Amino acid sequence: YNVMCVSVSADQNIKRESGRKVQAGNINAAKMLLDPMGGIVMTNDGNAILREIQVQHPAAKSMIEISRTQDEEVGDGTTSVIILAGEMLSVAEQFLEQQMHPTIIISAYRQALEDMLDTLKEISTPVDTSVRSMMLKIVHSAINTKALSRWSELACSIALDAVRTVEREDNGRKEIDIKKYAKVEKTDIEISKEEDFARILQMEEEYIQQICEDIIRLKPDLVFTEKGISDLAQHYLVKANITAIRRVRKSDNNRISRACGARIASRTDELREEDVGTGAGLFEVKKIGDEYFTFVTECKDPKACTILLRGASKEILAEVERNLQDAMQVCRNVLLDPFLLPGGGAIEMAVSKRLMERSRALTGIEQWPYRAVATALEVIPRTLIQNCGASTIRVLTSLRAKHTQENSVNWGVDGESGCLADMMALGIWEPLAVKAQTYKTAMETAILLLRIDDIVSGHKKKDKEDQMGGQGAE
């Protein structure tokens, strides 16, 4: 079991819960995360909503924190993690009531996870990432239900081009760092004001002149710096026909250096000819709305980029940015692991069927929690059917029957009509990396909460001053 140690003092109210009561509370807290009414609500951006949720129960807090790692790892599948983890705990409740030890349930869950991941690899379809039309279809299926779907063709092209730009291979290892090198800028961004400089002394003037001479010696056309540039330094650089851009963010400076092939230097006296980037083709300053933007374009083999968004309000821009980030994450995941799985709950039904078949070879009581995992996976297609307003029992029964037939692994639920459909024909795909990480995170979350059987909590007593209406302890 996990051991939770706390330190409490004599002036605190101590509350301790143990055994079956704690396990039941954890399961109920997980259910409450899905919907206060007991149902399941799927949103366009589950991670954005989870960031705003305030919960007090430690089990619910744990689920939220762990589910956020899903977004950090692959940038998608956060809502599915919460749904699956909650369902895994829900189906485990009957075994706890039958006095089955949690370690037995956990052992069966771990075995099921291994078989689930093996099944995903068997069913997955390889994709040729060099075919642009196929990549655009994959990205389109990821943002088809989001606010950005209205401009789907443009958004998919932007996302794919941005990810392709920052893609880099070093010693056979592919690196695609979207957070660092694919920056999204919005036109209402606040740019910090330059600081006022004090009167420059003669010694400082000589030092600035020397710095400028070190730069001028290399004859660059453009200089970017993360620091400020004094009026005197600008004077020397302008006389040498050099444009200088100051107050550049460190992250922006890194992207600029990758885009034009330059090397960031911290001392001007160490500058060398090879440090100057020669890949930039065009430099220009444009005014868009009320803001001025600096553009470095027509670069030779750039490895960084900026995506500029324009919108009517901050709320619209924020939503479009989230959707665009999702699209870029899909591109990244497919390029790093070029295998696809059918969406629409098809893969869950296929994996569920495979687990049911394998459970027949198991002996002992572990076979029952193992089979329960297969049943829990059906929560994804069931939720899709509910969201469409279709008959859950009828459609889910038909889907189970369909998956008993040969070559029906791609059949799932059409998210618009609620009818059964071939996901390959509809072009609805999910990256293998996202689905595998979703299963891992959901299962580990459920296992973590099943291992907890003792919670100690405490809060400080209110002092007399607080009871009389004064300021109390926090």
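## Salt bridges and charge-over-ring contacts

Glu430 is partly exposed, at 21% relative accessible area (buried is under 20%, exposed over 50%, partly exposed in between; 1.4 Å probe, protein chains only). This is a predicted model, in which local features need pLDDT of at least 70, side-chain atom pairs count only at pLDDT 80 or more, and totals for chains, interfaces and linings use all residues. Residues are numbered from 1 along each chain as its sequence is written, and side-chain values use heavy atoms, without hydrogens and water.

**Exercise 1.** Characterise the salt bridge of Lys435 and Glu430.

*Solution.* Start with the criterion: a side-chain nitrogen of Lys or Arg within 4 Å of a carboxyl oxygen of Asp or Glu. The N to O distance here is 3.2 Å. Next, check burial. Lys435 is buried, at 4%. Glu430 is partly exposed.

**Exercise 2.** Locate the partners in the salt bridge of Glu122 and Arg358.

*Solution.* The N to O distance is 3.7 Å. Glu122 lies in helix H5 and Arg358 in helix H13 (residues 346-359), so the bridge ties together parts 236 residues apart in sequence. Helices are DSSP runs (H or I, at least four residues), numbered from the N terminus. Arg358 is partly exposed, at 25% relative accessibility.

**Exercise 3.** Find the charged ends that sit over the rings of Phe295 and Trp411.

*Solution.* Apply the test: NZ of Lys or CZ of Arg within 6 Å of the ring centre and within 35 degrees of the ring normal. Lys286 sits over Phe295, 5.2 Å from the ring centre. Lys402 sits over Trp411, at 4.3 Å.

Definitions and conventions
Helix = DSSP H or I, 4+ residues; strand = E, 2+ residues; numbered from the N terminus.
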